[in-house]
Amino acid sequence: MKEQFSIPTGKVQRASKFLTTGVKVGGNYLKHYARKSINGDAGKDQLHTDNARDIYDTLSELKGSALKAAQMMSMDRNMLPRAYADKFAMAQYSAPPLSYPLVVKTFRSAFGKAPTEVFDSFSHNAVNAASIGQVHEAMLNGKKLAVKVQYPGVADSVSSDLKLVKPFALRIMNITESDFKLYMSEVEERLLEETDYHLELKRSVMISEAVLKEGIIGIFFPVYYPELSGNRIITMDWVEGMHLKEFLATGPAQEIRNRIGQALWDFYDFQMHRLRMVHADPHPGNFLFRSNGSLGIIDFGCVKVVPDDFYEYYFRLHTPGVLDNPELMTELFYLNEFISEKDSEAEKKLFIPLFREIIGLMGKPFFAGKFDFGDPAFFEQVYRLSESLYNNKDVRNSRTARGSKHSLYINRTYFGLYMLLHELKANIVTSSRYQGTEMSI
Amino acid sequence: MATKTKKNKPENPERDLQATITDAYIEFYLNKGKKPASVYEFTGKLKMEEKDFYQFFGSFEGLEKSIWAGFINTTLETLSDSEEYESYPVKQKLLSFYYTLAEVLKSKRSFILLSTEKEAELLKNHTLSKARDVFQAFVSQLLQEGTESGEIVKRPYITDRYPEVLWLQLLFVLRFWIKDESAGFEKTDAAIEKAVKVSFDLMGPGAVDSLIDMVRFLYHNR
């Protein structure tokens, strides 16, 4: 892996990066209108692709929270036109490593020892890059370990990074600044949690132990080593397995894909309804697949704790039959903050049927009890709906944010889960095994 | 610093005495916020004779020079204690130097802040002259090693200036660290990564050579 040292950290440097992107995006609009004046009908797709490429190029040179924000936006595909989403999805795989001497320094400040003194062996180069850290391979007492090291100054730069993403996010999401702040405070909170390796370690141990105790078939976790972890270091077992793309390239049988898909679904079902906290970062890099149909889960950096009232409103809405009961449905729309008393009659008339359509579509796997995620028709419908929402002038002109701030990560989680299951083409049982059962803590 | 010296050279009482004087001076400075009024007063407090002081230093200024040179020396000693260090490419060696130096300086941060606050020009003036000599000897060696390994390109006239340029880089890092308020001085870490990256980009093969080549071409052909 080639080391890249140029991470612009100064706010000015970052700002100038975004500035050039702003100029480029502006240029893309110009090109778009030029094409339009020549062809009469220039595809908006080309424009979106150009914009996404330039925004992505910028973000991929940044580390930390800007990259995280890009990842988050990329997961929330239903909020973004397809071209943006595809480009942002690439950001999930890129982040340049930091120098080995800095890794040594991080170890010295955590343990007073160099990595080679802590472990029997330790790889000088990162074997894997995560968005706010990098992974080194180590050996201790004949055991292969993965050691995650966080970049310095990440926590410090979260807030200033988000401020920089703001103009772009505002433009893409097109909501008022006060609504935007509400969402951004949620994102900031999650990102700050993600830089807290003590919290991550605690949650990793807690969730993995709960899932193992429950005996969900086909899920495995690395063992975590608190004594070899610190502020900016987490040590865990090295998990063998393939990344999604490699795994799919081996042409796994339908039965295996179903088994893994089911394990994945049950894992989320259990977290959501029993633990009331979920691994909210279901992008392919956080899962390792094995040919025997089992699944390793390796990163609990982003965990969303589900508040009780939000949980109740969200899942009451995702109950079969609710959408056919206009009165109950409208009441739940208010509770889920899709519409509010501040909305005009015209807005209510516009948004109630729209949300009925969105929930009806996105909730399909919940309502169905059994669902074939390999069905391309479902995803085509989702894309078509999101494109039509994006292109709907009335929707775009309404600059009110809709949906509770908690839904940001919950939707992202479910949508990421859908995408994974879609790639797996898994046909699985989706009725909940845990919903409505007693919580056991 | 003092303990390190003791550990490495246990049967050298002179160095012990020198370290004792140095530590006492720093302590005096930290407690009083200024230099002792005279060597006489200072050695009196240490219950030693004034001439013992002159055995090592000509003045307090000389003492401060030696403190700064000591920071660099301690850093280099720490580096040579590390088995891994020898196997590093030159760029990583310089990075290690800075990270180690930052650790060494951390234990004397109060003194550094206090003494640089009192004399804003300190970082420019000759207090650092001894430190500079030690550092430049170190980087000259690094540069030679880097030239042999191909990490650094030999360029007429320019190559000779590298030790000075790298000294300016060290001053940059030092000033950045003095003003750094981030927890664990993490921002200084980032500054070091960037500064070293830039210097090696410039000293290594690439853009600079193409530029020189083009300038030379234009000079001969216009």
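In strand S6 of chain A, Ile233(A) is the bridge partner of Val149(A), and this pairing is a starting point for reading the predicted model shown above. Helices (H or I, at least four residues) and strands (E, at least two) are DSSP runs, numbered from the N terminus, and two strands are said to pair if DSSP finds at least two bridges between them. Residues are numbered from 1 along each chain as its sequence is written, while chains are lettered from A and ligands numbered from 1 in the order in which they are written. Because this is a predicted model, local features need pLDDT of at least 70 and side-chain atom pairs count only at pLDDT 80 or more, whereas totals for chains, interfaces and linings use all residues; side-chain values use heavy atoms, with hydrogens and water left out.

- Strand S4 (residues 143–150) of chain A pairs with S6(A) in the antiparallel sense, and five bridges connect the two.
- Strand S6 (residues 233–237) of chain A has five of its five residues buried, so S6(A) is largely enclosed by the rest of the structure; here buried means under 20% relative accessible area, exposed means over 50%, and partly exposed lies in between (1.4 Å probe, protein chains only).
- S4(A) also runs antiparallel to S3(A), to which it is joined by eight bridges, and within this pairing Lys144(A) of S4(A) is the bridge partner of Met139(A).
- The hairpin of S3(A) and S4(A) has two residues between the strands, and in this hairpin Asn141(A) takes a positive phi near 50°.
- Strand S3 (residues 133–140) of chain A is in turn joined by two bridges to strand S1 (residues 121–122) of chain A, and these two strands run antiparallel, with Ala138(A) in S3(A) as the bridge partner of Phe122(A).
- As background, strands of a sheet pair through backbone hydrogen bonds, either parallel or antiparallel.

**The open sheet of chain A**

- Three strands of chain A form an open sheet in the order S5-S9-S8, and the pairing in this sheet is mixed.
- Its edge strands, each of which pairs on one side only, are strand S5 (219–220) and strand S8 (287–289) of chain A.
- S8(A) and strand S9 (residues 295–297) of chain A run antiparallel and are joined by three bridges, and Gly296(A) in S9(A) is the bridge partner of Leu288(A).

- Helix H13 (residues 326–335) of chain A has Met329(A), Leu332(A) and Phe333(A) as its buried residues.
- These residues lie on the same side of H13(A), because they cover an arc of only 105° around the axis, where the arc is that of the directions from the helix axis to the C-beta atoms.
- Helix H12 (308–317) and helix H14 (345–362) of chain A are included in what covers the buried residues of H13(A), and contact here means heavy atoms within 4.5 Å.
- Just after H13(A), the residue Glu337(A) takes a positive phi of about 65°.
- Glu345(A), which has its place in helix H14 of chain A, is exposed, with a relative accessible area of 58%.

**Chain B as a whole**

- Chain B has eleven helices and zero strands, and its C-alpha atoms fill a box of roughly 75 × 35 × 35 Å, taken along the principal axes.
- Of the 222 residues in chain B, 46% are buried.
- Among the contacts in chain B with a separation of 6 or more, 70% are made by residues 24 or more positions apart.

**Individual residues of chain B**

- Ser66(B), placed in helix H5 (residues 60–81) of chain B, counts as buried at 11% relative accessibility, and, not counting residues up to four places away in sequence, Ser66(B) touches Gln18(B), Phe57(B) and Lys130(B).
- Tyr157(B) is not a glycine, yet it has a positive phi of about 65°; it sits in the loop between helix H8 (129–149) and helix H9 (162–179) of chain B, where it counts as exposed at 74% relative accessibility.
- Phe185(B), also a residue other than glycine, has a positive phi near 55°; its place is in the loop between H9 and helix H10 (186–203) of chain B, and at 15% relative accessibility Phe185(B) counts as buried.
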